[in-house]
Amino acid sequence: MSLDLHFYSWSLVTDYLFRGFVFSLKLTLTATFFGTVIGTFLALARLSKKTYISHPAAAVINTMRAVPLVMLILWFYLLVPLFIGRSIGAELSAYITFSIFESAFFAEIIRSGIQSLPRGQTQAAQALGLSNAQVLRYVILPQAFRQTIPILLTQVIVLFQDSSLVYAIGAYDWLKGFEIAGKNYGRPVEAYLLAAISYFTMCFILSRIVQELKSRVSFNGSEA
Amino acid sequence: MIKIKDVSKSYGSFPVLKSCTTSVGKGDVVVICGPSGSGKSTLIKTINALEPIQSGEIWVGDTPVHDTRTDITKLRAHVGMVFQNFELFPHLSVMDNLTLAQIKVLGRTSDEASKRGLKYLERVGMAAHQHKFPSQLSGGQQQRVAIARALCMDPVVMLFDEPTSALDPEMVGEVLDVMTTLASEGMTMLCVTHEMGFARRVSNRVIFMDHGAIIEDCSSKDFFAKSEERSPRARDFLAKILSH
């Protein structure tokens, strides 16, 4: 058997790959956005001194992190119609599932960022008369985010790779584009080979950008 | 102006403060000293409720700090505090460190806040560094900025929690100079410090604590001059500190 790479062409990109790539990207960005927002609240809830807030938050986070993503994708897609009586579609289902799933991971990253800050920062902010909400908003969260940005972005890259799991519910993502093209051209091996190279290139470039960021976001070696 | 009455606090069964009673008048400069773990820092942090207490009363002016109905953020806004590790906000420039609480807590405009910030930066000799970030400053410079940050809030009293303990020896002087100037201008100050030279020259009262209790509370003149009248523990502490 030999590889036939003749179908590698611009029309392959425009006819099959572009649409899938846009969805993968949209899914990643949506899940990143909602994951950060919900994740921040989950992290704060988990750090709350009130156990009736922190325990449920911990339960949600731990459950999400213990369940395989593909299972969650399937469950959500299959169970929601049972409750609301109609399907919400593969794409919307994926947006919601990924957002919830990512918020659990982001919550833990953000929590570690908050906890890594010296306690004195909170005290100093409180001593100036800032309310608890202001302490979080102006002093703690900006520092926690800055510290965790490299880890958050690494998670985003993983998320981009994981977006291919929507194959389970038949959504048209980047990988699906390769798969369909492979079938149509009768060249599945070559198509998957190109998929591997494409995903690798994409994620490799992104992780180099993260590396670069990592060295920039530190506070120029501020006191430990 | 500050009244502390029978204040006690414990972590579990371990007592940190044992029925401490003292008062501080307007313009007083009080040095609190004692061995580490004696509750000095805890005591001054009870004054702005950074450390909650279990029994007793604390009054700052007419404000009952021990009362759970008191608006603590309002109180804190006018009680300046300087920490051992400076605790400037590393993500904000020097000027933003000074203006944040003025704007968010006192409701000043950004212009007003900057003007006042600059005034106090000049007072502590740091005006030239207003656009820098804390990590670009030496420890002594950071601590002077921290003092300016507290002064911007028009505090009625300044609390210093070992302000020079984390500094290299050559930077201690610049911070003590700022504190000395403040004291001479009539600021009410409570300082937890091991700087006995500062205590002797600048303070008018010394409180000595050991194991969570106030052992000595007397004029600094008496504290240093009439050591024969001091408790054995205070004498022991002084002997250890002054012999170096």
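This report describes selected features of a predicted model, covering chain A and then parts of chain B.

## Basis of the description

The model is predicted, with local features requiring pLDDT of at least 70 and side-chain atom pairs counting only at pLDDT 80 or more, while totals for chains, interfaces and linings use all residues. Residues are numbered from 1 along each chain as its sequence is written, chains are lettered from A and ligands numbered from 1 in the order in which they are written, and side-chain values use heavy atoms, with hydrogens and water left out.

## Overall form of chain A

Chain A contains 8 helices and 0 strands, and its elements follow the order α-α-α-α-α-α-α-α from the N terminus. Helices (H or I, at least four residues) and strands (E, at least two) are DSSP runs, numbered from the N terminus. The C-alpha trace of this chain spans about 70 × 50 × 25 Å along its principal axes.

Of the 224 residues of chain A, 43% count as buried. Here buried means under 20% relative accessible area, exposed means over 50%, and partly exposed lies in between (1.4 Å probe, protein chains only). Among the contacts in chain A with a separation of 6 or more, 77% are between residues 24 or more positions apart; a contact means heavy atoms within 4.5 Å. The chain exposes about 12000 Å², of which carbon and sulfur atoms supply 66%. Accessible areas come from the Shrake-Rupley method with a 1.4 Å probe, and for residues only the protein chains shown count as cover.

## A nonpolar patch on chain A

Met71(A), Trp75(A), Leu79(A), Leu82(A), Phe83(A) and Ile84(A) form a nonpolar surface patch, with about 680 Å² of accessible area together. Patches are made of residues with over 30% relative accessible area and no salt bridge; like charges are joined within 9 Å, and nonpolar side chains (Val, Leu, Ile, Met, Phe, Trp, Tyr) within 5 Å.

One member of the patch, Leu82(A), is located in helix H3 (residues 69–84) of chain A. Leu82(A) counts as exposed because its relative accessibility is 67%.

## Salt bridges

Over all chains, 17 salt bridges are counted, a salt bridge being a side-chain nitrogen of Lys or Arg within 4 Å of a carboxyl oxygen of Asp or Glu. In one of them, the closest N and O atoms of Arg46(A) and Glu108(A) are 3.0 Å apart. Arg46(A) belongs to helix H1 (residues 10–47) of chain A and Glu108(A) to helix H4 (residues 90–115) of chain A, so this pair ties together parts that are 62 residues apart in sequence. Arg46(A) is partly exposed at 21% relative accessibility, whereas Glu108(A) is buried at 16%.

Glu108(A) also forms a salt bridge with Arg111(A), at 3.0 Å from N to O. These two residues are 3 apart in helix H4 of chain A, which means that about one helical turn separates them. In chain B, the side chains of Lys226(B) and Asp222(B) meet in a salt bridge of 3.8 Å, N to O. Lys226(B) is partly exposed at 35% relative accessibility, and Asp222(B) is partly exposed at 26%. Salt bridges that share partners join Arg46(A), Glu108(A) and Arg111(A) into one network.

## Helix H6 of chain B

Helix H6 (residues 169–184) of chain B has 16 residues and reaches 23 Å from its first C-alpha to its last, close to the expected 22 Å at 1.5 Å a residue. The expected span is 1.5 Å times one less than the number of residues. Its buried residues are Met171(B), Val172(B), Val175(B), Leu176(B), Val178(B), Met179(B), Leu182(B) and Ala183(B). Viewed down the axis of H6(B), these fall within an arc of 155 degrees, so they line one face of the helix; the arc is that of the directions from the helix axis to the C-beta atoms.

On the other side of H6(B), Glu170(B), Asp177(B) and Ser184(B) are exposed. The cover over the buried residues of H6(B) includes strand S3 (29–33), helix H4 (110–123) and helix H5 (139–151) of chain B. After H6(B) comes Gly186(B), with a positive phi near 95 degrees.

H1(B) is mostly covered, with 7 of its 8 residues buried. They are Lys40(B), Thr42(B), Leu43(B), Ile44(B), Lys45(B), Thr46(B) and Ile47(B).

Just after H1(B), Ala49(B) adopts a positive phi of about 60 degrees. Ala49(B) is in the loop between helix H1 (40–47) and strand S4 (55–60) of chain B. Apart from neighbours within four places in sequence, Ala49(B) contacts Val65(B), Ile72(B) and Arg76(B). The C-alpha atoms of Ala49(B) and His66(B), which are 17 residues apart along the chain, are separated by 7.9 Å.
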